[in-house]
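Here are my notes after a pass through the model, written as numbered points. Have the structure open while you read.

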Amino acid sequence: MNKSFLKYILFAAVALAVVSSCATRRKLMNLVNASDSTATVQLALAKEADYLPEMKNDLSASRDTLTVKDDDGREFLLMKAVKDEETGEMVATEVIEAAKVTARFRNVAERHGKVDLAFQIMVPPSMMDTKWQLRFYPDMFVMGDSLRLEPVIITGGDYRKAQLRGYELYDKFLAKIVQDTTKFIDIEQLEIFLQRNIPQLYAFKSDSSYVDESQFNSVYGVSQRQAVEHYTNKVARRINERRKNKREAMYAKYVKVPIVTEGIRLDSVVVNTDGDFVYYYVQTINTRPKLRKVDVKLSGEIFESDKRIYTIPVTEPLTFYISSISAFVDNTEKYLTKVIERRATANTECRIDFEAGKSEIKMDYADNAYEINMISKTIASLLENKDFDLDSIIVRATASPEGRFTLNSSLAQKRSEAVSSYFSKYIEAYKDSLRQEAGFSMSFNGEEQKIVAAEKPVDIRFTPRCIPENWDDLDALVDKDVVMNPDQKSDYFNVRSESNPDVREARMKNQAYYRYMKETLYPKLRTVKFNCYLHRKGMIKDTVHTTVLDSTYMRGVQELRDMNYAEALALLIPYDDFNTAVAYVGMDRNVNAMRILSKLEKTAQVNYLMAILYSRSGDFNNAVQHYVTSCRQNPSYRFRGNLDPEISVLIKQYGLNSEENDRIFD
């Protein structure tokens, strides 16, 4: 190959690169200066066929005409038709769908608490170049918040080759890094040195036995480690270490734009008749209360190598208006009948300890101060209750079995009387303090005087009673005790069968477990129980029937409004009413929903939901009949029908909203 030919090839390559670069720059300038919307990326709605839910029966296979009836039984024939200008007759026709959807908004339906937002990213050929990478960023705007969705990236062939070339260069750099550091040792010279100076060590060349290195120093005091270090190429090792430390820097140098495989949207890609690359993008979002619309905008960038060379302007937004089954919720409050009793009781107990054979209450004895304070607080809360008045209190004192039964009976009664007297005085003192707090002050001639409102005193009766020996509670304590063994418990219950309590107590004193029972279990039997009896203020009859809000039902209604259909259904199933049917519709449990709706009065809401259910099942004649009926009852449903896919497909299929078919809604 002569030099002239080489020069020609070199010149041709340079010329080709220059021409290619100029073409790329010219394409970029055309984008910057372009005023034609077809020369930039477009954000468009997907065709209806790409987002409508599947019907059990394809509408394309359904009849072109339907017959519906009005309230008077008159029949109307529905079909796709246009008026013939010459004859004035309605002539059936087929409507050809446009290849592109130019509208900027769409009505989408919420189902199962989710909404699918389907749109297209259309990239014209004029925006693409083999040396470029296009990065598109869809942004979603929801109730004042914005969220960047996963990007869509289009990578040119030459751009990808440059990326791969960067990885190749980096791999070559990594291949230069030596992982086995023994490669830097001159093994041949090291073996000669060991053979001559440390023959003992050299003899272990093929032996894996461990020997202390200090045994193999040379006659010159040179160790094995020193010998290895001497015959190591330190320069090469330093170069290798520098390469290891430069790995991140070299990665950044060669791999300027890493190939990203995660977090990138990989939806369907097609090329339409205009040569545009079309990305079908579907984003599913969870709905939330009061969510009515979502805007989607698109921005982007063009990169050449690692440099951004162009910022793609933000597109006009696409708006998705969201319809929800929850809009049909019946917010009527549901009430339950409740029986209110005039009388009420409040029970409590404490353990007031008494000295042996005594019935006098001592605050500083055992835990009496704490126990009495707790009972005082309970009684105070009853005295201040706004709904009830305290009428009477039965005080029942109990005693342990030790001692004679007759003495215990008398002692328990005295203790009950002592407790009753104590708290009777406490109540009187507390009521006096309440009356004083209810007073108010007025100024007469510059002097403050306290005026106390008159209050009719209410006497609270105390009835002292007793249980001389609390054997029933002792039985329960023994049964649950973890200290007494099964034989001891068996012996106790055998003794317990004795009818005479004094004999019973005497027999237990001879048992080994008696001391434990007396010291540990008996004190728990000395309790004082309070049974407080109250009546509802201002109430004369013993019972009154009233209504209260059904909180469970209303929680279900709120979950329905919030589009939490599963939670709503769990609460509403027992009611089996209209709202239960709405929850079933929201969950696509159509058979159960139809079962309920078919039994209800055929209001506009009921007819509309039945139209949705019939449409889902493929019974389009009934679906249209119920939809038309609902629109007669509530004309606003003619607009609502465009929001629900099950109804909107019927509207388009049979031209329900055309002027020619207006008569069926009258």
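1. Start with D389 and K537, which form a salt bridge (a side-chain nitrogen of Lys or Arg within 4 Å of a carboxyl oxygen of Asp or Glu). Their closest N and O atoms are 3.8 Å apart. The pair links distant parts of the chain, 148 residues apart: D389 sits in strand β18 (residues 388-398), and K537 in the loop between β22 (528-536) and β23 (543-549). Helices (H or I, at least four residues) and strands (E, at least two) are DSSP runs, numbered from the N terminus. D389 has 28% relative accessibility and counts as partly exposed, and K537, at 37%, also counts as partly exposed. For the cut-offs, buried means under 20% relative accessible area, exposed over 50%, and partly exposed in between (1.4 Å probe, protein chains only).

2. Before going on, some housekeeping: this is a predicted model, where local features need pLDDT of at least 70 and side-chain atom pairs count only at pLDDT 80 or more, while totals for chains, interfaces and linings use all residues. Residues are numbered from 1 along each chain as its sequence is written, and side-chain values use heavy atoms, with hydrogens and water left out.

3. How many salt bridges does the structure hold? There are 17. Side chains of opposite charge can pair when their charged atoms come close. Besides the two-residue pairs, have a look at E402, K518 and R526, which are linked in a network of salt bridges.

4. Next, K599 and D576, whose side chains meet in a salt bridge at 3.8 Å, N to O. K599 lies in the loop between α17 (590-597) and α18 (604-617), and D576 in the loop between α15 (565-572) and α16 (578-586), so the pair ties together parts that are 23 residues apart in sequence. K599 is exposed, with a relative accessible area of 58%, whereas D576 is partly exposed at 27%.

5. D588 and R616 make a salt bridge too, at 2.6 Å from N to O. Buried or exposed, what is R616? R616 is buried, with a relative accessible area of 10%, while D588 is partly exposed at 35%.

6. On to helix α15, where the buried residues are Y565, A568, L569 and L572. Seen down the helix axis, they fall within an arc of 100°, so they line one face of α15; the arc is that of the directions from the helix axis to the C-beta atoms. What do they pack against? Their partners are β6 (105-110), β15 (318-324), α14 (551-561) and α16, where contact means heavy atoms within 4.5 Å.

7. I285 is in strand β12 (residues 277-286) and counts as buried, at 8% relative accessibility. Leaving aside residues up to four places away in sequence, I285 touches G113, K114, V115, L117, M140, L291 and V294.

8. Last, the hairpin. Strands β8 (residues 132-142) and β9 (residues 145-148) run antiparallel and are joined by four bridges; two strands pair if DSSP finds at least two bridges between them. V142 has D145 in β9 as its bridge partner. Two residues lie between the strands, and M143 takes a positive phi near 50°.
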